[in-house]
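This report looks at how charged side chains pair with one another. Please keep the sequence and the model at hand while reading.

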Amino acid sequence: MRTPDAPRDKDRPLRETVRDTIRVRIFEGHYAPGTRLVERDLAAEFHVSRLPVREALRMLRQEGIISDRGGRGAEVSALSAKDVADLFDVRNSLEVLACRLAAARADADDLRTLEGLLEAAEEFLAKGSLLEAHRANSEFHDAITRIADNDFLRSALEPLQGRMHWLFRHVDDLPELLREHRALYLAIASGDPERAAARSASHIDKYREQFPSDTAPSALSQPVP
């Protein structure tokens with residue numbers, strides 16, 4: 001299998017490559033909420049057998065990204081207003097902790113990685129490449145989790161991060177999001193865990209207000225242009 005979404009890594013199980021490709025397509029709006037995902041069609045598209053597709057769909061069900069349609073297979077899940085509120089509640093605990101740990105543990109290479117992702121997002125935005133800018137912003141948050149270097153925290157966050165990335169692709173003011181990420185980077189780079197935690201909490205609360213509890217699920221269904 002080789003697709004533009006996820007080049008084949010021979011060291012990874014094929015089911016994970018298929019899962020990651022489907023996940024990326026969901027988060028980037030290629031498969032909108034409600035889209036039916038058919039094993040046979042996906043296997044033909046990816047030029048693989050149905051087994052890795054079946055296993056990939058099983059993993060995505062466990063993440064809550066897709067849901068069963070009874071005997072009709074699977075479909076892409078939607079985020080309800082309660083889902084959004086619950087995600088922010090969990091994020092307010094886990095991501096704040098990740099930033100606190102990252103500030104305490106980041107070395108020079110880690111900081112260069114974070115700054116490089118910020119610069120990439122800024123360059124993509126300047127070129128009008130919004131999809132790539134969103135990807136770099138998502139990778140910025142993922143990198144913070146890696147830098148925190150806590151296996152239990154990472155295992156708790158990983159099933160949620162995809163849905164948060166999906167949600168944040170609906171943020172319209174990318175320049176402001178990049179300014180927020182730059183401030184978060186500076187707090188982590190300061191080496192002060194409490195400053196980083198406070199900055200992270202402020203960042204999360206700001207965007208919680210942009211997705212209020214009465215947000216209609218249909219408002220979260222449109223792909224990023």
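## Salt bridges in the predicted model

A salt bridge is taken here as a side-chain nitrogen of Lys or Arg within 4 Å of a carboxyl oxygen of Asp or Glu. The model is predicted, and by this rule the count comes to 19 salt bridges.

## Two pairs within helix 4

The side chains of Lys-82 and Asp-86 meet in a salt bridge, with 2.7 Å from N to O, and both residues lie in helix 4 (residues 81-105), 4 residues apart, which is about one turn of the helix. Lys-82 counts as exposed because its relative accessibility is 57%, while Asp-86, at 31% relative accessibility, counts as partly exposed.

Helix 4 also holds Arg-91 and Glu-95, again 4 residues apart, or about one turn of the helix, and these two form a salt bridge in which the closest N and O atoms are 3.0 Å apart. Is this pair buried or exposed? Arg-91 counts as buried at 4% relative accessibility, and Glu-95 is buried as well, with a relative accessible area of 9%.

## A link between helices, and a network

Arg-182 and Glu-115 meet through their side chains in a salt bridge of 3.6 Å, N to O. This pair links distant parts of the chain, since Arg-182 lies in helix 8 (residues 174-189) and Glu-115 in helix 5 (residues 108-126), 67 residues apart. Glu-115 is partly exposed, with a relative accessible area of 28%.

Elsewhere, salt bridges with shared partners join Glu-176, Arg-179, Glu-180, Arg-199 and Lys-206 into one network.

Terms used
Residues numbered from 1 in each chain as written. Predicted model: local features only at pLDDT ≥ 70, side-chain atom pairs only at ≥ 80, totals over all residues. Heavy atoms only, no water. Buried < 20%, exposed > 50% of the residue type's maximum accessible area, 1.4 Å probe, protein only.
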